[in-house]
Amino acid sequence: MPGVVVVSRTLALIVAAFFSGYHVLLGVYSLDQPASVAPIVAAMGLYVVATIASLWISSPMRMALPLALFNVGVAVAIPLIVGSQLDGSSAKLGYATWYVAAIGTLMTITAARKRPQLALLGVGTLVLHTIVWAGVGELGHMGVIGSVVWVVAAALLTRALVKANRDARQYGRAEREASGWHAAQEAHLYERQVRLTQTMRLAMPMLRRISESDGDLSEADRQECRLLEAAIRDEIRGRRLLNHAVREQVMAARRRGASVTLLDEGGIDDLNGSALEIVLNTLATAISRTKADRIIARTSADYATIAVTVVGLSSPDPAVSALGPDSSGEEEVDLWIEIPRKVEPRTSA
């Protein structure tokens, strides 16, 4: 995005590592001031371990709670260790108070890794120790206030970034939902226009004939109106079960007196192109070959393998019905076809 500067995590960790190491160098430079060197070196080692663990490159962005608690413990222990070897009333401590900036840096890292409460707790113990050890007046001179400012700034910035990230995810989700809604509306509009165009193509000739005859239609015209009504109903209920071949065979079946019902319940919405045409052409062939009085074609509930189920029912033979009430008068299944989703196309010999 224009105007956005992206800093890699690796680069940020390297800068933080050099900045943390600088405090250790200041401590080494001032080793001549403490009463004993060993505790200071131990404090440096403790700080280095905490820093390395906090800047480990493969660790997640949010610092683990045990590590954050360990950093707070380091923030408590190091001032006690170093302060025990220095004279808090001395005005010439210089770099001997390296631990103040070191603790500030460690707590800033802790806050940046989404543990701001514990970071504030750690720097708070530093403030308390300095007041007890050297007095309130030394907070600014020793750099404690600066460390507090850095930690507070990191905590506020981290909170703002978390909120911005959460808002960005919400906006992204809302944008995707809006795009999906817009696409659905566009699809519905396109579908409506296609159906209206098809309906007008079917009905317009008959509407003109009705207009020209002032509604005085012959029996043949009335029958044609019934067929057109059924065809328009197919456009609404049949949807993707229709192509030119299916429309032609359905109309032929109705003209010979059969009742045809097409129901598309969404089972073939994922079929397109040649795969859909093969299924529909197979459906048209099945309708053309049956002499059933009632034909029902609907998308299958078995979306994995079956695309369309076709059932043809024939009325009972009048001669059988005349034998008496005990004779079977139920419709007979003349056709039962399950058209698979993948139909092998026929090839000419």
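The mean pLDDT of the protein chain is 81, and 89% of its residues reach 70 or more; pLDDT is the predictor's confidence in each residue, on a scale from 0 to 100. This is a predicted model, in which local features need pLDDT of at least 70 and side-chain atom pairs count only at pLDDT 80 or more, while totals for chains, interfaces and linings use all residues. Residues are numbered from 1 along each chain as its sequence is written, and side-chain values use heavy atoms, with hydrogens and water left out.

Two stretches call for caution. Over residues 1-6 the pLDDT stays under 50, and the model has zero contacts there beyond four places in sequence, a contact being heavy atoms within 4.5 Å. Residues 320-328 also have pLDDT below 50, and this stretch has four contacts in the model beyond near neighbours in sequence.

Let me turn to the chain as a whole. The protein chain holds eleven helices and four strands; these are DSSP runs, with helices being H or I of at least four residues and strands E of at least two, numbered from the N terminus. Of the 349 residues, 36% count as buried, where buried means under 20% relative accessible area, exposed over 50%, and partly exposed in between, with a 1.4 Å probe and protein chains only. Among contacts with a separation of 6 or more, 70% come from residues 24 or more positions apart.

I now come to helix packing. Two packed helices are described by the angle between their axes and the distance between the axes. Axes here are lines fitted to C-alpha atoms, for helices over the stretch in contact, and angles run from 0 to 180 degrees between N-to-C directions. Angles under 35 degrees count as roughly parallel, over 145 as roughly antiparallel, 65 to 115 as roughly perpendicular, and the rest as oblique.

The axes of helix H1 (residues 9-29) and helix H2 (residues 37-54) come within 11 Å and cross at roughly 175°. H1 and H2 are therefore roughly antiparallel. On the H1 side the contact involves Ser-20, His-23, Val-24, Gly-27 and Val-28, and on the H2 side Met-44, Tyr-47, Val-48 and Thr-51.  By class, these are five nonpolar, four polar and no charged residues; Ala, Val, Leu, Ile, Met, Phe, Trp, Tyr, Cys and Pro count as nonpolar, Asp, Glu, Lys and Arg as charged, and the others, Gly among them, as polar.

Next, helix H8 (residues 219-237) packs on helix H9 (residues 244-255) at an angle of about 140°, with the axes 11 Å apart. H8 is therefore oblique to H9. In this contact, Glu-224, Leu-227, Ala-230, Ala-231, Asp-234 and Glu-235 of H8 meet Arg-247, Val-250, Met-251, Arg-254 and Arg-255 of H9. The contact residues comprise five nonpolar, no polar and six charged.

Is Arg-254 buried or exposed? With a relative accessible area of 8%, Arg-254 is buried. Leaving aside residues up to four places away in sequence, Arg-254 touches Leu-227, Ala-230, Ala-231, Asp-234 and Val-260. Arg-233, in H8, is partly exposed at 33% relative accessibility.

Finally, H9 and helix H10 (residues 273-289) pack at about 15°, with their axes 8 Å apart. H9 is therefore roughly parallel to H10. Ala-245, Val-246, Gln-249, Val-250 and Ala-253 of H9 make the contact with Leu-280, Asn-281, Leu-283, Ala-284, Ile-287 and Ser-288 of H10. That contact has eight nonpolar, three polar and no charged residues.
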